[in-house]
Amino acid sequence: WTKKVELLGGYITDKEVKLVNGLHVGMTKDEVFNVFFKKYPKSYTADVAVLKVVSGAGEVAEIYTFRGQKLRHIKIETAYKYY
């Protein structure tokens, strides 16, 4: 009824699909972290396999999963309810 597309969820594995913030599958872990953090200890990211970013209202989450130092896939989850 809003005449707008609403994303309910998704799983992105295609390197050609880029989010508005420039993130895409195949980026390095450092490139992804640089989008979200101005400064961070590089040694902390060595053991990170999953980065989950949740909106302030907890309605939308983006889950970035890494294999080694590369972004493997992006999952988008929402708390959207269709009535």
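These are my notebook entries on a predicted model of one protein.

**Entry 1: overall layout**

I began with the secondary structure, which comes to one helix and four strands. Reading along the sequence, I found the pattern β-α-β-β-β. I then looked up the extent of the C-alpha trace, which spans about 45 × 30 × 20 Å along its principal axes. The protein has 83 residues, of which buried residues make up 24%. Among the contacts with a separation of 6 or more, 37% are between residues 24 or more positions apart.

**Entry 2: the helix**

Which residues of H1 are buried? In this helix, which runs over residues 29-36, I recorded Lys-29, Val-32 and Phe-33 as buried. The three lie on the same side of H1, because they cover an arc of only 95° around the axis. I next asked what covers the buried residues of H1. The cover includes strand E2 (50-54), strand E3 (60-67) and strand E4 (70-78).

**Entry 3: Lys-29**

I examined Lys-29 separately, as a residue of helix H1 that is buried yet has no salt bridge. How far away is the nearest side chain of opposite charge? That side chain belongs to Asp-47, and I noted a distance of 7.2 Å. What the side chain of Lys-29 does reach is the backbone oxygen of Val-48, at 2.6 Å. Leaving aside residues up to four places away in sequence, I listed the residues that Lys-29 touches: Thr-45, Ala-46, Val-48, Phe-66, Gly-68 and Gln-69.

**Entry 4: the salt bridge**

I then turned to charge pairing in the protein. In general, side chains of opposite charge can pair when their charged atoms come close. How many salt bridges are there? The count comes to one. I found it between the side chains of Glu-77 and Lys-75, at 3.3 Å from N to O.

**Entry 5: closing note**

Methods
Residues numbered from 1 in each chain as written. Predicted model: local features only at pLDDT ≥ 70, side-chain atom pairs only at ≥ 80, totals over all residues. Heavy atoms only, no water. Buried < 20%, exposed > 50% of the residue type's maximum accessible area, 1.4 Å probe, protein only. Helix = DSSP H or I, 4+ residues; strand = E, 2+ residues; numbered from the N terminus. Arc of directions from axis to C-beta. Contact = heavy atoms within 4.5 Å. Lys, Arg positive; Asp, Glu negative; His and termini not counted. Salt bridge = Lys/Arg side-chain N within 4 Å of Asp/Glu carboxyl O. Polar contact = N/O pair within 3.5 Å; in protein donor to acceptor, adjacent residues only side chain to side chain.
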